[in-house]
Amino acid sequence: MSQTPRIRGGIGADGPYWDALERGVFQLPRCAGCGAWMWPAHYRCGDCGSWDMEWVPLDPIGTLYTWTRMHQAPVLVRERIEDVPYVTLLAEIPAAGGKRVVGALHGSEDGLAIGVPIRGVFLPPSPKTKGYATLGWEIVR
Amino acid sequence: MSLRGKTAIVGIGQTPYYKRGTAPDPEQKLALRAIVAACEDAGIDPRDIDGFVSYGSERNTGQQMLPALGLRDLRFAALAWTHGGGIPGALTIAAAAIVSGQAEIVVVHRAMAEGSNQRLQVAVTQDETPAQFLVNGVDFILARSAQRAMRLIHEGVPQECFEAIARAGYFHAQNNPGAMGHGHMLTLEAYAASRWIGEPLHLYDCSRESDAAAAVVLVSAERARDLRQKPAYLLSAPMGAGASQGSREDNHEPYTSVGMIGLADRLWRESGYGPSDVDVAQVYENFTPMAAMALIDHGFCTRESAGDVLTFDNLIAPAGKLPINTSGGNIADGFIHGMGLLPEAVRQIRGTSTNQVPGARLSLMTGGPGDSLTSTALLGSDETL
């Protein structure tokens, strides 16, 4: 894990997601008891009551569920200012029961449309990603 | 036991709206001004206030304001556990306190002044935005709402609905001298030519960030009848999050819902009314598509019929089928985390709006759309009880 201060928002059970991205692994959690996919990660399965999650490595392959082209960088993500306009998106992951992960477009905008296949590219931590290793998503052509 | 009709809003107070960062007073002084104005409107001595409720990241607490208001006995104070989604829910908390005997005169308030706080979009989401959003350049408000709006268009709701909501706000602002958009009529051409903020959101699809404060005073229905203003009775103001909603980080279903489907069901059941009965609505529009989703969640239209229902002519007072945001709303009146919508919902019941819907008896106010926990409220005149 990098030394950058970690982001405090959200539930906070997603540490293994970010740790794995630093190793070049995309993984999402599922309940060890009933197998339900749980994203965002949580501490207990609300369906079966299990406290155990298993993190499942997946191919970073998805479908573009929705997107926006941002023409300004809001205060909380000001470090993206030099990228404006930049495209962010939700990637639907069929292998994880259709769970959706947040991402940014990587590479060309050619073919940008809801429903197109997209593929995750492992990106190292940078100031733009607030020191986190991330997946950039590129359109599969 | 239902809270239906057991309490009423009997006082409303607001400061002027100032461009963010330019208020002549610090934030807490604005809050005090709004609260004192609401008490004067109600004919209540501020010293008799015994409860405060707010929502979101409000920092001006009852205990801090107690000395300046001369309170004799602060008996109840609470914060609704959410952002702009908490406004109607704050009314329910206040009503529950009154009906259960915890307090008698409860203020619901919100104040924002960037000079003594920080930028609203930061103040309300700092340390609350999950990592997967921030590391990808997605703030919790704008980019996230833009993504949802893009999907809504994909599902069949035309951009013209967003434009109609924006133009309705500006249309109403022309009759409201206090609105920040007063004197600035928004034409179709100006809307279309305005810059993108985050596609599909144009500049005019986005709410402002203002310095201002607003407050309302709630008392029991019995007490309300003896006061000087026509009471706006609280018929229902459910708060909550359905099983598929809550903090799911955009994995909620349906994705283009703003979490109000179950709330609306509870609202209509508790109040005994339905969408076709509503005379006027203040619909929280941080962004116009989120307001469209709130109206869909409430059953005013479907994704399929939105293009026919959410038209400029339908959304304007006095003659539209569902006039919305009759003071100008968050977009054209001013934005203090949505709180400006509530006094306007009350004015419609009183018959004192600058864009009055003739004979309005049922007045809706929806809370912040898309909050992980949100709420919605129906106010009514005494004939609706």
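This is a predicted model: local features need pLDDT of at least 70, side-chain atom pairs count only at pLDDT 80 or more; totals for chains, interfaces and linings use all residues.
## Where chain A meets chain B

Let's start with the contact between the chains. Chain A puts 35 residues into it, and chain B puts in 35 residues as well. On chain A's side, the elements that supply two or more residues are strand S3 (61-70), strand S4 (86-93) and strand S5 (99-105). S5(A) gives the most, with 6 residues.

What classes of residue make up the side of chain A that touches chain B? There are 18 nonpolar, 10 polar and 7 charged residues on that side.

## The annotated stretch of chain A

An unreviewed UniProt entry lists "domain: ChsH2 C-terminal OB-fold" for residues 55-122 of chain A. In the model, that span is 50% strand and 0% helix, and its end C-alpha atoms lie 18 Å apart.

## Two domains in chain B

Chain B is split into domain 1 (7-121 + 212-224) and domain 2 (137-207 + 235-384). Their C-alpha centres sit 23 Å apart, and the contact between them takes 27 residues from domain 1 and 27 residues from domain 2.

Which elements of chain B supply at least two residues each to domain 1's side of this contact? They are strand S1 (7-14), helix H3 (87-99), strand S5 (106-112), helix H4 (120-123) and strand S8 (210-220). H3(B) has the largest share, at 5 residues. By class, domain 1's side comes out as 16 nonpolar, 10 polar and 1 charged residues.

## The annotated stretch of chain B

Chain B carries a UniProt label too: "domain: Thiolase C-terminal", from an unreviewed entry, covers residues 268-369. Over those residues the chain is 35% helix and 9% strand, with the end C-alpha atoms 18 Å apart.

## The largest nonpolar core

Now for the inside. In soluble globular proteins, nonpolar side chains tend to be buried together. Here the largest nonpolar core has 170 residues, and the members that touch the most others are Ala94(B), Val217(B), Leu218(B), Ala292(B) and Leu379(B). Helix H7 (residues 159-173) of chain B gives the most to this core, with 9 residues.

Ala292(B) is a handy one to click on. Which residues does Ala292(B) contact, once neighbours within four places in sequence are left aside? On one side of the sequence you'll find Leu152(B), Val157(B), Cys161(B), Phe162(B) and Ile165(B), and on the other Ala306(B) and Leu310(B).

Methods
Residues are numbered from 1 along each chain as its sequence is written. Chains are lettered from A and ligands numbered from 1 in the order in which they are written. Two residues are in contact if their C-beta atoms, placed from the backbone, lie within 7 Å. Helices (H or I, at least four residues) and strands (E, at least two) are DSSP runs, numbered from the N terminus. Ala, Val, Leu, Ile, Met, Phe, Trp, Tyr, Cys and Pro count as nonpolar, Asp, Glu, Lys and Arg as charged, and the others, Gly among them, as polar. Domain bounds come from an automatic or database domain assignment. UniProt positions are given in the numbering used here, feature names are shortened, and annotations may be inferred rather than shown by experiment. A nonpolar core is a set of buried Ala, Val, Leu, Ile, Met, Phe, Trp, Tyr and Cys residues joined through C-beta atoms within 7 Å. A residue is buried if 20 or more other C-beta atoms lie within 10 Å of its own, exposed if 12 or fewer, and partly exposed in between; C-beta atoms are placed from the backbone.
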